[in-house]
Amino acid sequence: MRLPTEDDFPSRLRSAAVTARVGLWLGVCFAVCFVTGLVSHYAQAPDHPVPFPASPVWGYRVTQGLHVVTGTAAVPLLLVKLWTVYPRLFRRPERGWRPLVLDLLERGSVLILVAAAVFQLASGLANSAQWYPWSFSFRTTHYAVAWVAIGSVLLHVAVKLPVIRAALGADVDDPALDRPAATRPGVLTRRGLLRTTWLAAGVAVLATAGSTVPLLRRVSVLAVRSGDGPQDVPVNKSASAARVTASATSGAYRLVVANGDRSIELSRSDLLAMPQSTHDLPIACVEGWSANGTWTGVPVRHLLDQVGAPRGSDVLVTSLQESGPFTTTVLHASFADDDRTLLALALGGEPLSLDHGFPARVIAPDRPGVLQTKWVARIEVRT
Ligand SMILES: Nc1nc2c(c(=O)[nH]1)N[C@H]1C(S)=C(S)[C@@H](COP(=O)(O)O)O[C@H]1N2
Ligand SMILES: [Mo]
């Protein structure tokens, strides 16, 4: 079998004029994804040298929504971009050592770029579909590869800048930058291909954005979870999946609040007898869906006052759930001291349902859903 050469790909559509235009939007998506990803990673870090802001309450909902939406839009953009440049894989380097080395370097950097980009989009998509076909830690790996991806994007843009500028400065039908063999008209015009690409990206956005934007719910086929679930809020992990049904419904349930060797135990009725606050706060899952709820419960700060915990204390929250990555979470002082941060006992004016964290769950403003611990057993000052 003979390897194809560049000349075996005669379509006019595979042109730098198309690549650069799709690449521009792909770059925008990657940039937004990267920055919002950094925000999310920081929000989930165990230590916050600079406090994560508790306002606006919808901040994380917006940044994480953007993260998932731009990541999804990048999928069709990346596919079209790869399709337009694919023939270049089969080009023959010029003779001589220098061109060969340069050629290998370029291929190597593009290989890293493509591998990192595909990994980021595929792992992110799988994660938002709650499918975890890997054994590594998603967050650490997705974060590490993000740096590889953004670094190789920057390098790639720098290397290609002359071509990008020439392509974007000329008409999309201008053949000046085309490979000599790329002369055959495609099934679509270049403008037609670009319009189809924008449409595909738009459909990808609509299909996922519905999990964040209520008006779009009806058109969102990929957003299955939004609006389902008791009390009009989706459920991420049910009580039975977390194996807490018995302990959460037991009459022996007591919340422990501790500060060093000072601690108190409170039943759900003790908690209900304390001063209650009500706040509208969203649950914003890192996987992209989010939903607003009206939560009522005891301000966490009030509980900490009962054991003499000073302001500025970071707090450890432990769930009744015995295994899984979210059984213990850190509630940083910037949240613990905010009077909107609740140990919620009710949602939408009704007692919290078992799946939303009965008897009591944490809900704080502007925070990743993954840290809004359900079925809380213990709140203690972190030392
Ligand atoms: N104990 C415990 N708390 C948890 C989880 C969990 O698996 N176990 N999942 C978290 C995640 S990922 C999200 S998005 C929210 C969802 O809350 P909800 O199911 O009430 O909507 O709960 C968080 N609290
Ligand atoms: Mo989540």
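Predicted model: local features only at pLDDT ≥ 70, side-chain atom pairs only at ≥ 80, totals over all residues.
Ligand 1 has 19 residues around it, and P234, N236, Q321, H356 and K374 are the ones that come nearest. Sorted by class, this shell is made up of nine nonpolar, seven polar and three charged residues. Some contacts to ligand 1 can be picked out one by one. The side chain of H356 puts an N or O atom 2.6 Å from an oxygen atom of the ligand. With N236 it's the backbone that takes part, with an N or O atom 2.9 Å from a ligand oxygen. On its own the ligand would expose 530 Å², but the protein buries 99% of that.

Now for the rings. Seven aromatic pairs turn up in the structure. One of them joins Y86 and F90: the ring centres are 5.4 Å apart and the planes meet at 85°, so this pair is edge-to-face. Y86 is partly exposed, because its relative accessibility is 39%, whereas F90 counts as buried at 13%, since the cut-off for buried is under 20%. Ring pairs also bring in F9, which forms a cluster with Y86 and F90.

Y143 and W147 make another edge-to-face pair, with 6.3 Å between the centres and 85° between the planes. Both sit in helix α4 (residues 138-169), four residues apart, or about one turn of the helix. Y143 is partly exposed at 29% relative accessibility, and W147 is partly exposed at 44%.

Note on methods
Residues numbered from 1 in each chain as written. Chains lettered and ligands numbered in written order. Heavy atoms only, no water. Near = heavy atom within 4 Å. Polar contact = N/O pair within 3.5 Å; in protein donor to acceptor, adjacent residues only side chain to side chain. Areas by Shrake-Rupley, 256 points an atom, 1.4 Å probe, with all protein chains shown as cover. Nonpolar A, V, L, I, M, F, W, Y, C, P; charged D, E, K, R; others polar. Phe/Tyr/Trp six-rings, centres within 6.5 Å; stacked < 30°, edge-to-face > 60°. Buried < 20%, exposed > 50% of the residue type's maximum accessible area, 1.4 Å probe, protein only. Helix = DSSP H or I, 4+ residues; strand = E, 2+ residues; numbered from the N terminus.
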